[in-house]
Amino acid sequence: MTVLQKKADNPIEHLTPEDIELIGKELDEIRQGVMDSRGEADARYIRKVIDVHRKIELGSRAVLLASGFPPAWIAGTIGLSIAKILENMEIGHNILHGQWDWMRDPKIHSTTWEWDMASPAEQWKHSHNELHHTYTNVIGKDNDLGYGIMRVDEDQPWTPMYLGQPLWSFINACFFEYGIAAYDLELGAVIAKKQTGDPEFRRRAKQVLVKIGRQVRKDYVIHPLLSGPNFVATLAANFTANIVRNLWSNSVILCGHFPEGVETFEKKSIDGETRGEWYLRQMLGSANISGSKAMHILTGNLSHQIEHHLFPDLPSNRYAEIAPKIRDLFDRYGLNYHTAPLPQQVASAWHKIIRLSLPNGWLQNTTARNLPTQLGKLWKMTTGKPRVRRVLLREQAAMAAAA
């Protein structure tokens with residue numbers, strides 16, 4: 001955990017190697033307790049959620065056949081948005097994690113489920129389950145951390161390009177399913193390395209295009225056509241529901257890994273990482289959202305992001321049950337259990353996005369009184385000669401460190 005040891009306020013300084021391994025053993029025991037107690041009640045839960053989702057979706061699409069009538073458009077769009085959120089978060093995400101594979105139900109299994117998203121399940125499972133959950137918040141290894149388009153840590157060199165970070169982060173949020181598909185393809189790296197002709201990339205790109213085509217036909221052709229004269233209104237309702245789902249999914253994910261106070265890690269910090277240290281990284285690199293049971297379901301229980309990252313293969317309905325045990329573990333070992341209501345976590349995550357889009361210390365050093373001067377410095381940092389930019393960047397960082 002060398003990256004934490006460099007910090008002035010090191011959150012694990014008080015822990016011994018023995019403490020860390022004891023934390024790992026306690027967490028293994030908590031996990032095993034849930035694994036041993038999985039049963040019919042859990043199976044009934046996921047089947048009920050799937051049944052409710054399908055009824056909401058079918059009912060909403062039926063209402064939208066009359067979408068030319070404004071109340072029907074509003075009711076149908078709200079219902080379809082909820083259905084898409086349920087399918088994406090509590091159903092698709094968790095089934096594809098293998099949380100329900102123990103049921104041996106071929107219809108609810110990580111190898112057979114295909115979700116209502118632009119990214120094919122096969123590709124998402126690799127980038128998310130295998131890479132993100134293994135290398136949580138490790139800069140340069142976990143591409144979920146900023147999706148390769150954001151500056152996510154103060155130690156990353158600032159360039160003027162990052163000034164656009166809030167804008168492209170918002171655009172990515174609106175069209176999140178397509179951003180995820182491009183990310184799963186590693187599209188940016190492939191283009192940069194001029195590897196678009198690689199047969200394996202072309203195979204995966206074809207999978208994505210086929211999946212996108214299927215989604216477009218369903219939401220923007222077939223369903224609107226069934227509405228007859230209400231084609232345009234139904235198409236707009238489907239588009240709106242997808243945007244709502246994308247914004248919600250993006251917000252939940254930002255809240256889980258990006259609020260102020262959530263730790264990031266260097267590549268070298270995980271060299272020789274033990275099981276206990278892996279657990280500790282999940283604990284420090286995740287944040288929860290407090291709220292009602294309905295909110296937990298609509299987040300796919302990723303409102304219990306800490307518990308999910310510790311145990312990504314446990315049934316999502318069990319996270320609330322073990323959360324008090326996990327929090328007690330944090331308290332006993334003097335660690336910060338990062339949790340807050342949704343609006344607070346969203347605001348914190350976006351504050352970090354904006355703060356890191358600017359040079360280190362710029363936002364911290366800016367007040368209403370010195371704003372014109374600071375804007376002038378920012379202009380010089382953006383357009384000035386390299387030597388001038390380097391001097392000003394060092395000055396800003398020094399002022400922030402002294403504050």
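Author: Helices (H or I, at least four residues) and strands (E, at least two) are DSSP runs, numbered from the N terminus. This is a predicted model: local features need pLDDT of at least 70, side-chain atom pairs count only at pLDDT 80 or more, and totals for chains, interfaces and linings use all residues. Residues are numbered from 1 along each chain as its sequence is written, and side-chain values use heavy atoms, without hydrogens and water.

Reader: Which helix holds Arg390?
Author: Arg390 is partly exposed, at 48% relative accessible area (buried is under 20%, exposed over 50%, partly exposed in between; 1.4 Å probe, protein chains only). Its place is within residues 386-402, which form helix H18.

Reader: How far apart are N and O in the salt bridge of Asp51 and Lys55?
Author: Both sit in helix H3 (residues 40-63), four residues apart, so about one helical turn separates them. Asp51 is partly exposed at 35%, and Lys55 is exposed at 55%. A salt bridge needs a side-chain nitrogen of Lys or Arg within 4 Å of a carboxyl oxygen of Asp or Glu. Here the N to O distance is 3.0 Å.

Reader: Which residue pairs with Arg245 in a salt bridge at 4.0 Å?
Author: Arg245 lies in helix H10 (residues 231-257) and its partner in the loop between helix H4 (70-96) and helix H5 (121-132), so the pair ties together parts 129 residues apart in sequence. Both residues are buried. The partner is Asp116.
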